[in-house]
Amino acid sequence: MNFTLTEEQRMIQQMAKDFAENVLKPGVIERDEKQYFPRELITQMGELGFMGMMVSPEYNGGGMDTVSYVLAMIEISKWDASAAVIMSVNNSLVCWGLETFGTEAQKQKYLTKLATGEMIGSFCLSEPEAGSDATNQNTTAIDNGDHYLLNGTKNWITNAGHADVYLVIAHTDKEKKHKGINCLIVERGMEGFEVAPKENKLGIRGSDTHALNFNDVKVPKENRIGDDGFGFTFAMTTLNGGRIGIAAQALGIAEGSLNLALAYSKIRKSFKTELMNHQAIQFKLADMATEVEASRWLLLKAAAEKDAGLDFVLSASMAKLYASKTAMFCATESIQIHGGNGYVKEYHVERFFRDAKITEIYEGTSEIQRMVISRNILK
Ligand code: CAA
């Protein structure tokens, strides 16, 4: 068993840490307050290779392993969880899905640009009545000769305002249940496709979330991913890897909360001594550090299994379940240690607290992760 990172993995980790501290941190409070993320920052993330980390160099990607991707996600999430989800959806869901299941023409047309940040991708599965119950799709993609006619609404779609490419899951044949679902590549600007106003969110406010409406959008057949009826398996398989990305985001939020609590407890005094000298604070820090390490090893196990070509579904769900709980725990404790200062924006931890919550909801709620875990351990 080897717990050592490679030289290359450490370099990527350091690069992401520098980028998060020097570029993302300075404007993060304002972006959160005003709910925006400038396209130039995404371009910069693309130039540094963060938008297509695991994509093969043949399609302009970084050709890196999942462990490297996770390390970068953790560092970026320590300061800006919004930047991290923009990156995670593009990398884990859109680029990975296209590279693994797309046609050569789809890869040339979309993946080569998504991997560099020239294009941005969205993954569109959720609907007003299909969140956890993802097979219950009401969006329809009716086979109409050389194209599909797409109608319906998607909800809570990350990157929707910035995106150029949308992977849309829809029912072609309801009778066939989940085997009648397809995934279509929809381009911004296609006639009948409308991006609804931005959602006003609790957390990850820098990232941009919208509903999408499709009114008789004609999507060419060559934009279907995989064979007819492959869409649900596509979504589930892609989300398995996506959960590793969100677990990394959660761990970054948890570790960021711990780091700020450690630093604060060394400078803030109460009862004539620094906070760190009170056992009540020491025990909180010890519990936070232990939960962070437990999350880190569950997460790296899942990433290493994926890199080794092993079945990582169980580990990915465990990592997401545990890391998201740890994010909530550490953000809450960090606010408690910061006291009144933890409740105001300048100290960052109140944002971590708001950002942490979504990691227990998207890419499969904690309840869905428990479903996946129990199904796996009971089979
Ligand atoms: N990996 C691969 N295939 C899977 C799978 C997985 N983890 N889970 C299910 N499947 C396959 C099954 O094998 C089955 O296929 P076959 O019939 O060919 O064998 C098919 O999918 C249907 O599976 P079930 O019968 O188990 O379906 P179900 O309805 O009982 O449960 C579920 C499915 C696991 C609950 C699923 O609906 C699910 O994961 N729900 C959560 C959806 C989710 O994560 N949404 C996140 C939205 S995307 C997002 O958040 C992105 C973002 O913007 C940040």
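Okay, ground rules. It's a predicted model, so-called local features need pLDDT of at least 70, side-chain atom pairs count only at pLDDT 80 or more, and totals for chains, interfaces and linings use all residues. Residues are numbered from 1 along each chain as its sequence is written, and side-chain values use heavy atoms, with hydrogens and water left out.

So, who's around the ligand? There are 24 residues in the shell, each with a heavy atom within 4 Å. The closest are Thr 158, His 178, Asn 240, Arg 243 and Arg 375.

Now polar contacts, meaning N or O pairs within 3.5 Å. Another entry has a ligand oxygen 3.3 Å from a side-chain N or O of Lys 179. On the nitrogen side, a ligand nitrogen lies 2.8 Å from a polar backbone atom of Ser 132.

How much of the ligand does the protein bury? Taken alone the ligand exposes 1100 Å², and 73% of that is buried, by Shrake-Rupley with a 1.4 Å probe.

Which element gives the most to the shell? That's α6, with five residues; helices here are DSSP runs of H or I, at least four residues.

Methods
Polar contact = N/O pair within 3.5 Å; in protein donor to acceptor, adjacent residues only side chain to side chain. Helix = DSSP H or I, 4+ residues; strand = E, 2+ residues; numbered from the N terminus.
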